[in-house]
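Visitor: I would like to learn how to read a structure one feature at a time. Please give me the general idea and then the case at hand.

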Amino acid sequence: MPLLDIRNLTIEFHTGTDSFRAVDDVSLQLAAGETLCLVGESGCGKSVTALSIARLVSTPPARYVRGEIFLNGQDVLRMSKAELRQIRGGVVSYVFQEPSSSLNPVHRVGNQIREALKLHRPQAATDDEVVRLLKLVEISAPESRRRDYPHQMSGGMQQRVMIAMALASEPKLLIADEPTTALDVTIQAQIMELLRELRQRLGMSMLLITHNLGIVGDVADHVAVMYAGQVVESAPAPALLQRPLHPYTKALMQSVPKLGSGHQRLQSIPGTVPSPDAIPTGCRFHPRCPVAKPECTKQPPALIEVEAGRQARCPFTRD
């Protein structure tokens with residue numbers, strides 16, 4: 001049984017008299033001890049999907065139209081508020097993007113980590129455990145740095161503190177939502193390496209959300225590519241990176257800078273992700289697709305199994 005099993009999840013947002021679907025018929029699975037990367041441009045529904053796992057999407061304005069979310073064998077969408085408080089942090093923890101906006105600026109970082117310990121492991125809410133967690137995320141001089149305020153730390157160190165807070169409750173699933181946003185390239189690499197090592201050392205599962213396929217290869221076991229609220233391709237990471245099938249996945253791969261390419265112009269995807277209230281008919285990617293055919297504008301494609309363990313939302317993947 002997978003640790004996380006999302007089945008046909010559909011989420012709508014209501015604005016006055018209008019409604020639109022931010023997540024449409026999404027199904028994902030994540031086994032214990034593995035890493036799933038959810039990839040796509042901003043506005044594709046990745047963060048809403050991730051927040052729904054612990055039912056953190058506010059209702060209203062959102063509404064869970066249909067689907068099921070099983071986490072550690074329990075149906076999240078049927079849980080009471082008390083049960084949700086137990087899984088939030090206890091089973092699944094989040095590392096959000098922009099750590100400077102997630103940390104409380106008027107409290108020392110050690111006290112913020114201790115607060116997470118008090119909620120989920122009160123017997124371990126000690127200075128020694130705070131120091132151990134800071135060491136775990138490779139913050140130097142943790143005995144003194146635990147007394148720092150967030151503004152006294154760099155962006156990379158703030159993100160390490162956020163990871164320490166997420167690990168304080170010893171979750172089975174860590175969700176990292178664009179954890180390297182606003183960090184320079186060197187620090188990005190350090191944070192990704194840290195997450196990879198921690199996942200292996202602690203034996204937890206990880207859901208990594210990113211728009212950059214360039215960082216997926218060293219981390220992911222499986223990759224799901226989202227576009228306009230739908231999964232358009234799903235495959236084991238090595239297979240997807242070696243031979244992407246969906247035109248959108250191919251376009252994302254081509255937009256990643258490559259070492260040794262000289263002064264070759266970087267390819268980009270024309271246009272933008274459609275607004276959820278202005279989804280085109282037929283294939284949602286067809287206005288931006290370089291290989292679109294007339295029939296792509298009419299019939300919405302289904303997510304079909306193209307090969308064993310590989311799915312794609314395009315009938316022309318073998319063309």
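Guide: Start with helix α4 (residues 109-120), which has twelve residues and reaches 17 Å from its first C-alpha to its last. That is close to the 16 Å expected at 1.5 Å a residue, where the expected span is 1.5 Å times one less than the number of residues. Helices (H or I, at least four residues) and strands (E, at least two) are DSSP runs, numbered from the N terminus. This is a predicted model, in which local features need pLDDT of at least 70 and side-chain atom pairs count only at pLDDT 80 or more, while totals for chains, interfaces and linings use all residues. Residues are numbered from 1 along each chain as its sequence is written, and side-chain values use heavy atoms, with hydrogens and water left out.

Visitor: Which residues of α4 are buried?

Guide: An α-helix has 3.6 residues a turn, so residues three or four places apart point the same way. In α4 the buried residues are Val109, Gly110, Gln112, Ile113, Arg114, Ala116 and Leu117. Buried means under 20% relative accessible area, exposed over 50%, and partly exposed in between (1.4 Å probe, protein chains only). The buried residues of α4 pack against α5 (127-136), α6 (142-145) and α7, with contact meaning heavy atoms within 4.5 Å.

Visitor: How many cavities of 30 Å³ or more does a search of the whole structure find?

Guide: The search finds one. The largest cavity has a volume of about 60 Å³, and its lining includes Tyr227, His246, Cys283 and Phe285.

Visitor: In what order do the eight strands of the open sheet lie?

Guide: The order is β6-β7-β8-β3-β9-β10-β12-β11, with mixed pairing. Two strands pair if DSSP finds at least two bridges between them. The edge strands, β6 (92-95) and β11 (304-307), each pair on one side only. β11 and β12 (residues 310-312) form three antiparallel bridges and a hairpin with two residues between them, where Gly309 in the turn has a positive phi of about 80°.

Visitor: Is Thr210 buried or exposed?

Guide: Thr210 is found in strand β8. Thr210 counts as buried because its relative accessibility is 2%. Its contacts beyond four places in sequence include Leu38, Lys46 and Glu178.

Visitor: Why is one side of β2 and of β5 left without a neighbour in the sheet?

Guide: Four strands form another open sheet, in the order β2-β1-β4-β5, with antiparallel pairing. β2 (18-30) and β5 (74-75) stand at its edges, each with a single partner strand, so one side of each has no neighbour in the sheet. Nine bridges join β1 (residues 4-15) to β2, and Thr15 stands opposite Asp18.

How values were computed:
On a 1 Å grid over the protein atoms alone, a cavity is a set of points where a 1.4 Å probe fits but cannot get out, and a pocket is an open set with protein on both sides within 12 Å along at least five of seven lines; lining residues have an atom within 4 Å of a point. Grid points are joined across faces, edges and corners, and a volume is the space filled by probe spheres set on the points.
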